[in-house]
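Me: I have a model open and would like to learn how to read it. Could you take me through it one feature at a time?

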Amino acid sequence: MTTNTFKYDKDSIFTEFNDAKAKDTKLGKGDDNKVHTNRIKFLRDMIDLEAKMPEVFSYVNINFKNLLNVYLTQDPRLTFYMKVFGKGPDQMMAEQAYDD
């Protein structure tokens, strides 16, 4: 029996996610909210790995399933803003401009 000593940390997950995002941005011709194929694959891979080897995620607490559900929506950016802030990004920017 082999023992796995590898552990993910937030930085390594963030780096891999950013690599997937860069590939999607390139596919979207510079628009990072147009194509999400690589980010969806990354999140599915993380969900599978977490099911098979939960110990590699002992240093992090990330809900990959919730993130995947957001990226599977038609507009993940809008969905994220609505879930986290209860308003869309346009409304957030308008409020920030008003506050300045």
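Me: Let's start with burial. Which residues are buried in H3?

Reply: A quick note before that: this is a predicted model, where local features need pLDDT of at least 70, side-chain atom pairs count only at pLDDT 80 or more, and totals for chains, interfaces and linings use all residues. Residues are numbered from 1 along each chain as its sequence is written, and side-chain values use heavy atoms, with hydrogens and water left out. Buried means under 20% relative accessible area, exposed over 50%, and partly exposed in between (1.4 Å probe, protein chains only). Helices are DSSP runs (H or I, at least four residues), numbered from the N terminus. In H3, the buried ones are Phe-64, Leu-68, Val-70 and Tyr-71. Looking down the axis of H3, these buried residues fall within an arc of 160°, so they line one face of the helix; the arc is taken from the directions from the helix axis to the C-beta atoms.

Me: And what do the buried residues of H3 pack against?

Reply: Contact means heavy atoms within 4.5 Å. Here the buried residues of H3 pack against H1, H2 and H4. Take Phe-64: leaving out residues up to four places away in sequence, Phe-64 touches Ile-13, Leu-43, Met-46, Ile-47, Glu-50 and Phe-57.

Me: How many residues does the largest nonpolar core have?

Reply: A nonpolar core is a set of buried Ala, Val, Leu, Ile, Met, Phe, Trp, Tyr and Cys residues joined through side-chain atoms within 4.5 Å. The largest one has 15 residues, and Phe-64 and Phe-57 are among those with the most contacts inside it. H1, helix H2 (37–52) and H3 each supply at least two residues of this core, with H2 giving the most, 5 residues.

Me: Is Thr-79 buried or exposed?

Reply: Thr-79, found in helix H4, is buried, with a relative accessible area of 19%. Setting aside neighbours within four places in sequence, Thr-79 is in contact with Val-70 and Thr-73.

Me: Where is Asn-63 found?

Reply: Asn-63 sits in the loop between H2 and H3. At 42% relative accessibility, Asn-63 counts as partly exposed. Asn-63 and Leu-43 lie 20 residues apart in sequence and 9.7 Å apart in space, C-alpha to C-alpha.
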